[in-house]
Amino acid sequence: DAIAPQGAIYLSFRVDLIGRGFSSNEEIRNWLLEEAGLAVVPFQAFDLPEDSGWFRMSVGAVGLDELDAVLERLEKVIKSK
């Protein structure tokens, strides 16, 4: 799932893996950093209390080519689960 950017430089997206090898957003966050080289912020940083699989990443400091490469890595890692 994803929420289209609405005038900001952030991409909000959901990695629906809670209960499928992961028990928290923190575990997913760490896994994405280690396996995809992608730093994300869990929605708990924005006062969402539950582990929902929702994250945010900043896309304002990268070019389209870099963003495509990151999204490809993200897709590959998620599909590996």
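Q: In this predicted model, where is S24 found?
A: Look at the elements on either side of S24. Strand 2 covers 10-14 and helix 1 covers 25-36. S24 is found in the loop between strand 2 and helix 1.

Q: Is S24 buried or exposed?
A: The relative accessible area of S24 is 16%. Buried means under 20%. S24 is therefore buried.

Q: Which backbone nitrogen does the side chain of S24 reach?
A: A polar contact needs N or O atoms within 3.5 Å. The side chain of S24 meets this at 3.1 Å.

Q: Leaving aside neighbours within four places in sequence, which residues is S24 in contact with?
A: Contact means heavy atoms within 4.5 Å. With those neighbours set aside, S24 has contacts with I18 and D51.

Q: Why do helix 1 and helix 2 count as roughly perpendicular?
A: Two packed helices are described by the angle and the distance between their axes. Here the axes lie 10 Å apart, and the angle is about 115 degrees. Angles of 65 to 115 degrees count as roughly perpendicular. Helix 1 and helix 2 are therefore roughly perpendicular.

Q: What separates the C-alpha atoms of Y10 and S58?
A: Y10 is found in strand 2. Y10 and S58 are 48 residues apart along the chain. Their C-alpha atoms are separated by 4.4 Å.

Technical notes. Residues are numbered from 1 along each chain as its sequence is written. This is a predicted model: local features need pLDDT of at least 70, side-chain atom pairs count only at pLDDT 80 or more; totals for chains, interfaces and linings use all residues. Side-chain values use heavy atoms; hydrogens and water are left out. Helices (H or I, at least four residues) and strands (E, at least two) are DSSP runs, numbered from the N terminus. Buried means under 20% relative accessible area, exposed over 50%, partly exposed in between (1.4 Å probe, protein chains only). A polar contact is a pair of N or O atoms within 3.5 Å; within protein, one must be able to donate a hydrogen and the other to accept it, and residues adjacent in sequence count only if both atoms are side-chain atoms. Axes are lines fitted to C-alpha atoms, for helices over the stretch in contact, and angles run from 0 to 180 degrees between N-to-C directions. Angles under 35 degrees count as roughly parallel, over 145 as roughly antiparallel, 65 to 115 as roughly perpendicular and the rest as oblique.
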